[in-house]
Amino acid sequence: MNKLELIWKYQIKNFEQDYLKISEYSTMPNYNIKFIVKNPTIDYNMKIINSTNPITLCIRDSIMMDNHYKENLVHEFTHICDFTFLLNDWEIKDKRKVLSLWSEYHATFLQSLYMIGIEDIKNIDISTLDFSILQKNLLIFIDNIKTYIDCFKGTQNIKYWHNMQICYMYYFGALKALNLFSPHKFSIIPFDFITDKLMENLYQILDKFNTNQSSFIEILKIRNELDKILITYAKEHFWN
């Protein structure tokens with residue numbers, strides 16, 4: 001690492017204790033940090049690679065010069081903790097199915113808390129919180145879900161189906177954070193698509209979630225149902 005990357009690494013490691021103050025985790029696991037030089041092929045600010053041991057946190061170098069990099073760290077730290085500590089006695093295929101939904105929701109929820117001004121989950125002054133950014137984010141997530149649904153219908157490309165699911169988790173995570181502390185409550189909106197009812201059921205599970213086996217099993221059931229719906233929809237609309 002060069003001198004600047006060493007400084008960034010120190011900042012990242014130093015932020016771990018701040019993260020734990022808003023998280024239900026009590027410790028951070030080991031992970032590697034890999035800085036990525038900005039180039040046109042990089043379409044992310046941060047991401048984790050959970051197939052390495054330990055997990056690798058990839059960071060686009062320019063994001064470390066942005067004042068909002070800590071928001072991104074909250075999100076990725078949550079992924080690191082979820083994939084390290086949860087469901088280790090499950091089959092890896094089922095674990096990844098569940099965490100592909102749960103961890104995106106969980107990471108966005110904690111990131112949203114940090115964005116509105118919560119720095120310690122045990123010491124919250126609601127009068128100081130700013131909900132405007134979450135309200136804007138909800139609109140962005142809603143628009144993105146609509147876009148991915150339309151792209152999936154129009155292109156038959158399965159990547160848009162998966163992007164839609166991920167964006168639903170962003171939407172649900174932000175919605176949960178907003179409804180938890182904002183005086184104005186927001187309901188889930190329908191998208192006039194075959195996944196509406198299933199996603200509504202998923203939000204109800206996430207909204208009342210606790211990290212026990214039964215909750216994760218319910219998420220797995222919904223993920224499997226989503227896979228079945230994809231196959232059925234493809235047969236009816238794409239494969240005939």
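## An enclosed strand

In this predicted model, strand β3 (residues 55–60) is largely enclosed by the rest of the structure, because six of its six residues are buried, where buried means under 20% relative accessible area, computed with a 1.4 Å probe on protein chains only.

## Basis of the values

Residues are numbered from 1 along each chain as its sequence is written, and side-chain values use heavy atoms, with hydrogens and water left out. Because the model is predicted, local features need pLDDT of at least 70 and side-chain atom pairs count only at pLDDT 80 or more, while totals for chains, interfaces and linings use all residues.

## Pairing partners of β3

Strand β1 (residues 31–36) pairs with β3 in the parallel sense over six bridges, pairing being assigned if DSSP finds at least two bridges between two strands. Within this pairing, N32 has T56 of β3 as its bridge partner.

Strand β2 (residues 46–49) pairs with β3 in the antiparallel sense over four bridges, and the two strands form a hairpin with five residues between them. The bridge partner of K47 in β3 is C58, and that of I48 is L57. In β2, M46 and I48 make up a covered face, whereas K47 and I49 make up an uncovered one.

## Crossing of α3 and α5

The axes of helix α3 (residues 92–115) and helix α5 (residues 158–181) come within 7 Å and cross at roughly 40°, the axes being lines fitted to C-alpha atoms over the stretch in contact and the angles running from 0 to 180 degrees between N-to-C directions. That makes α3 oblique to α5, since angles under 35 degrees count as roughly parallel, over 145 as roughly antiparallel, 65 to 115 as roughly perpendicular and the rest as oblique.

H106 lies in helix α3 and is buried, with a relative accessible area of 3%. Leaving aside residues up to four places away in sequence, H106 touches E24, Y25, T78 and D82, contact meaning heavy atoms within 4.5 Å.

Key. Buried < 20%, exposed > 50% of the residue type's maximum accessible area, 1.4 Å probe, protein only.
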